[in-house]
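This report goes through one protein chain, from its overall make-up to single residues. Please look at the sequence and the structure first.

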Amino acid sequence: MDKHLSTQFDADLDAIARKVLGMGGLVESQLERSMTALTDFDPHIADHVMHQEHRIDEMEIEIDADCAAMIARRSPVARDLRFAMAVSKIVTNLERAGDEAERIAKRTKHIMEQASAHAINFSELKVAGEMAAALLRDTLDAFARQDAVAAAPIIERDRALDEEFRAFVRKLISYMTEDPRTISAGLDFLFIAKAIERIGDHATNIAELVVYIVDGRDVRHQGRSDPGAQSKG
């Protein structure tokens, strides 16, 4: 490949990476707004989250098309091919994380209609939301820098989010057992907790894909034990 073609190829890769980060930024914003809607019981913010979901879907389709066109035009190999393959999976995870943020907004609106909702202390849920947001933010940063070493602790940190989810579920069961009037709102909070936990899973999936791009190693289903320890940079 001559210098001109190589430069254009690099520009194509950079353009795709920027679009992925733009999509990731929108998903981050959706999660932040959905958690604000929940914390403040604000239906207008929840509505905004629900109305923005279509843009995330559009971005997934657009980036997938860009990757397919680049593969057809450039016939990438090695790390560049891994990048194109991984990006398609990354945007799928981002789209699904966006779906979960929308789910939080929808459930929040339903919770607002129930008087018993105020009887449930959901402080752990706020912490879990912050943890998921941090995982997503740090994962996107690792992707931006193509840093497998930075991706490794993200994979491990998802376990702490899972623990927060389980603790909140135990608390919800206690609420619903002691006061059946909280069952309906409790189930909505349970769905929100599960949505947050899944966002953490999607962030973890993306972190694993960063390792794959950089090192060529598939670290899925490997117990998530220090996947970046052997990073080649």
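The sections below describe the chain as a whole, then helix packing, then selected residues.

## Basis of the values

This is a predicted model, in which local features need pLDDT of at least 70 and side-chain atom pairs count only at pLDDT 80 or more, while totals for chains, interfaces and linings use all residues. Residues are numbered from 1 along each chain as its sequence is written, and side-chain values use heavy atoms, with hydrogens and water left out.

## Overall make-up

Helices (H or I, at least four residues) and strands (E, at least two) are DSSP runs, numbered from the N terminus. The C-alpha trace spans about 70 × 35 × 20 Å along its principal axes.

Of the 233 residues in the chain, 45% are buried; buried means under 20% relative accessible area, exposed over 50%, and partly exposed in between, with a 1.4 Å probe and protein chains only. Contact is taken as heavy atoms within 4.5 Å. Among contacts between residues at least 6 apart in sequence, 82% join residues at least 24 apart.

## Helix 4 against helix 6

Helix 4 (residues 123–145) and helix 6 (residues 183–215) have axes that come within 9 Å and cross at roughly 20°. Axes are lines fitted to C-alpha atoms, for helices over the stretch in contact, and angles run from 0 to 180 degrees between N-to-C directions. The two helices are therefore roughly parallel to each other, a term for angles under 35 degrees, whereas those over 145 count as roughly antiparallel, 65 to 115 as roughly perpendicular and the rest as oblique. Helix 4 passes helix 6 in a left-handed crossing, meaning that the near helix is turned anticlockwise from the far one by less than a right angle; clockwise would be right-handed.

On the helix 4 side, the contact residues include L125, A128, G129, A132 and L135. Helix 6 contributes, among others, F189, I192, A193, I196 and I199. By class, this contact has 17 nonpolar, three polar and no charged residues. Ala, Val, Leu, Ile, Met, Phe, Trp, Tyr, Cys and Pro count as nonpolar, Asp, Glu, Lys and Arg as charged, and the others, Gly among them, as polar.

## Helix 4 against helix 5

Helix 4 packs with helix 5 (residues 148–178) at an angle of about 165°, their axes 10 Å apart. That makes helix 4 roughly antiparallel to helix 5. Their crossing is left-handed, and the contact has 14 nonpolar, two polar and seven charged residues.

## Helix 6 and its end

The 33 residues of helix 6 should span 48 Å at 1.5 Å a residue, which agrees with the 48 Å between its end C-alpha atoms. The expected span is 1.5 Å times one less than the number of residues. Just after helix 6, G216 takes a positive phi of about 75°.

## Positive phi in loops

Most residues other than glycine have a negative phi. F41 has a positive phi near 50° and sits in the loop between helix 1 (3–40) and helix 2 (43–74). S75, with a positive phi near 45°, is in the loop between helix 2 and helix 3 (78–112). S75 is exposed, with a relative accessible area of 54%.

V91 lies in helix 3 and counts as buried at 0% relative accessibility. Not counting residues up to four places away in sequence, V91 touches V20, M23, E60, I63 and D64. The C-alpha atoms of V91 and I63 are separated by 7.6 Å, although these residues are 28 apart along the chain.
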